[in-house]
Amino acid sequence: MTIYPDRLSPRQDDVYNALMDAHEGLSEAESHALNARLILLMANQIGDLGVLRDLLTTARGYSHD
Amino acid sequence: MAYDYTPYPYVPPKGLTQAEPRHPVAIVGAGPIGLAMAIDLAQRGVPSVVLDDNNVVSVGSRAICWAKRTLEIFDRLGVGERMLAKGVTWKIGRQFHGNQEVYAFDLLPEDGHKYPAFINLQQYYVEEYLIDRARDFPGLIDLRFKNRVVDHADRGDHTVLNIETPDGPYTLEADWMIACDGAGSPTRNRMGLSFEGQTFQEQFLIADIEMKDSPFGDAAVPERWFWFDPPFHNGKSALLHMQPDNIYRIDLQLDVDADAKLEASEDKVIPRIRAIVGDKPFRLDWVSVYKFRCIKLDRFVHGRVIFVGDSAHVVSPFGARGGNGGIQDVDNLGWKLAAVIAGHANADLIGTYHDERSHGSAENILNSSRATNFMTPKTPIEALFRAEALRLAHDQPFARRILNSGRLSMPCSLEGFALQTPGAAQVPPGSPLIDAPLAGDHGETWLLREVQGDFTLVGFGDVALPDVPDFRCIGVGQRAADYPCFTATHGHATRRYGSDIAYLFRPDGHVAAAFRHPSAEDVARAVARAMGKTPEAA
């Protein structure tokens with residue numbers, strides 16, 4: 001797992017609320033579809049397989065107990 | 001020990017038996033905002049009459065978090081040090097998710113500030129200290145308890161107030177009427193002003209308990225605990241923090257459809273508290289169940305009637321922006337109204353109070369709405385994002401900063417508003433004062449002490465100040481000059497402001513202008529602009 005430097009501060013609340021606003025009025029299924037599209041778009045923006053693999057490993061590393 | 005609510009004496013007002021001369025200012029409401037307003041004006045030589053329908057200070061602790069900027073304003077009003085001495089200064093904040101601590105943060109303040117980021121102090125103490133302070137101005141502050149304003153009229157160049165007392169009604173005239181009569185403002189309702197905005201459905205329970213043993217373990221280390229989804233209160237949020245006199249504030253989110261009356265009953269409240277503090281003995285001091293709205297008036301100034309504090313804007317309590325926002329209103333209005341009353345500025349200057357504080361209030365509403373939304377997710381997707389942000393927050397610093405249980409109240413910047421002269425500087429025009437320790441011929445002092453209250457030109461380091469007659473000038477980190485000079489203790493002041501620049505501060509401490517090579521004309525022009533005079537007229 002990698003600890004990433006914070007790149008959102010001090011606009012973190014703007015970023016988080018932009019995400020919430022994007023889901024406004026969607027059904028749960030539509031929201032999951034939006035998330036999938038968003039992740040694909042972000043992967044393209046990142047554009048680096050190594051970075052992406054590291055992010056995936058970190059995200060997967062958090063257990064669901 | 002429970003606070004002793006000693007009633008203040010009612011004195012039959014002169015107006016009952018003879019017409020009173022017109023007052024420059026009538027202030028409706030003797031809460032923290034109305035009292036602070038009267039003191040601010042009195043310090044500028046402006047007399048006021050303060051009318052309150054009650055005769056005791058705030059019942060219940062109510063507003064308890066006072067932010068640094070508020071304390072700095074209270075310092076200028078003469079009660080800041082007393083509040084700091086009595087208040088609890090937070091040290092450690094802990095955020096929990098379920099039964100796990102997500103992270104803890106240290107609230108140790110940055111060095112070189114007179115006041116800490118926040119203190120906790122019950123509203124009744126703040127009002128008591130303000131009433132004591134108001135009594136230092138017997139010729140200027142006419143404090144009238146049990147004087148209920150039941151009607152008013154705006155006559156264009158003055159207002160007329162109808163007042164009821166235990167001895168009957170009377171009328172009073174005032175050039176300006178300042179409505180500091182709270183969220184339910186009778187003044188606002190009487191004028192039929194629309195006060196609509198976002199209403200939150202969630203209900204919250206506040207319980208203040210007195211406990212000898214700290215629920216945090218060590219009473220000497222005041223903490224602030226916030227839980228998302230605590231084990232003792234499933235699916236909701238909970239907050240625990242400390243006030244003076246071993247009083248602890250518990251704030252619990254309730255169900256949307258909870259029965260407010262039932263929830264405020266001891267039978268319901270005591271088990272909820274037991275679930276948090278265990279078997280330790282406690283005394284229930286105050287309970288309140290509340291909902292809230294986030295709203296502001298379209299205009300804070302209506303002719304001769306000015307709205308200040310909760311009468312003009314209400315926010316959710318998360319982030320402590322109600323009382324703190326109101327005190328900043330007072331700070332903004334005091335010097336402007338005094339200048340207009342003295343004839344040094346045109347009444348248009350009052351309009352800039354609306355412009356600047358409406359902006360500050362919008363910022364407060366945005367921040368407190370966001371905190372409330374984060375604490376009360378509305379949809380499964382919002383709940384999912386929050387749960388995963390909490391999970392990541394155990395390790396990832398960025399996720400910790402996303403967690404939002406209320407953003408600390410910070411003063412807003414007034415950059416870009418008409419009174420400020422645009423310019424580039426380390427502390428850009430519009431910024432609120434940043435305090436710093438100084439040392440001078442009379443010993444140690446603080447920048448806020450030397451700057452607040454009047455327009456002040458401050459030269460930091462290698463900059464020459466022009467000769468501006470009858471104007472307060474000081475130097476920091478400069479060689480001896482014909483104005484008072486201070487050294488920047490530990491270099492804080494010059495590190496924060498720069499070391500070859502002059503700043504013009506407004507009486508409320510906001511930076512009005514910054515200059516590399518100030519001339520007397522530059523300074524005069526910037527002062528005129530800050531007084532609301534158009535460049536042509538200046």
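A residue is called buried here when its relative accessible area is under 20%, exposed when that area is over 50%, and partly exposed in between (1.4 Å probe, protein chains only). By that rule Asp13(A), with a relative accessible area of 9%, is buried.

This is a predicted model, in which local features need pLDDT of at least 70 and side-chain atom pairs count only at pLDDT 80 or more, while totals for chains, interfaces and linings use all residues. Residues are numbered from 1 along each chain as its sequence is written, chains are lettered from A and ligands numbered from 1 in the order in which they are written, and side-chain values use heavy atoms, with hydrogens and water left out.

Asp13(A) has a partner in the other chain. It forms a salt bridge with Arg407(B), the closest N and O atoms being 2.6 Å apart; a salt bridge is a side-chain nitrogen of Lys or Arg within 4 Å of a carboxyl oxygen of Asp or Glu. This pair crosses between chains, from the loop between helix H11 (397–402) and strand S22 (437–440) of chain B to helix H1 (residues 12–23) of chain A. Arg407(B) counts as buried as well, at 18% relative accessibility. Helices (H or I, at least four residues) and strands (E, at least two) are DSSP runs, numbered from the N terminus.

Over all chains, the structure holds 40 salt bridges. One of them joins the side chains of Arg148(B) and Asp53(B), at 3.7 Å from N to O. Arg148(B) lies in strand S9 (residues 148–154) and Asp53(B) in the loop between strands S2 (48–51) and S3 (65–67), 95 residues apart in chain B. Arg148(B) is partly exposed, with a relative accessible area of 43%, and Asp53(B) is partly exposed at 43% relative accessibility. Another salt bridge links Glu128(B) to Arg82(B), with 3.8 Å between the closest N and O atoms. Here the two residues are 46 apart, Glu128(B) in helix H4 (residues 123–134) and Arg82(B) in helix H3 (residues 80–86) of chain B. Arg82(B) is partly exposed at 39% relative accessibility. A network of salt bridges links Asp40(B), Arg44(B), Lys68(B), Arg69(B), Glu72(B), Arg76(B) and Asp331(B).

Helix H7 (residues 266–277) of chain B has 12 residues and spans 16 Å from its first C-alpha to its last, close to the 16 Å expected, a value taken as 1.5 Å times one less than the number of residues. Its buried residues are Val269(B), Ile273(B), Ile276(B) and Val277(B). They line one face of the helix, because they fall within an arc of 75 degrees seen down the axis of H7(B); the arc is that of the directions from the helix axis to the C-beta atoms. Among the elements of chain B that they pack against are strands S13 (203–210) and S14 (223–228) and helix H6 (260–263).

Strand S18 (residues 293–296) of chain B runs antiparallel to S12(B) (residues 198–199), joined by 2 bridges; strands pair if DSSP finds at least two bridges between them. Cys294(B) is the bridge partner of Gln198(B). S18(B) also pairs with S21(B) (residues 313–314), again antiparallel over 2 bridges, and there Lys296(B) stands opposite His313(B).

Chain B is divided into domain 1 (14–87 + 119–195 + 295–367) and domain 2 (437–530), with bounds from an automatic or database domain assignment. Their C-alpha centres lie 30 Å apart. In domain 1 of chain B, 12 residues are in contact with 10 residues of domain 2, contact meaning heavy atoms within 4.5 Å.
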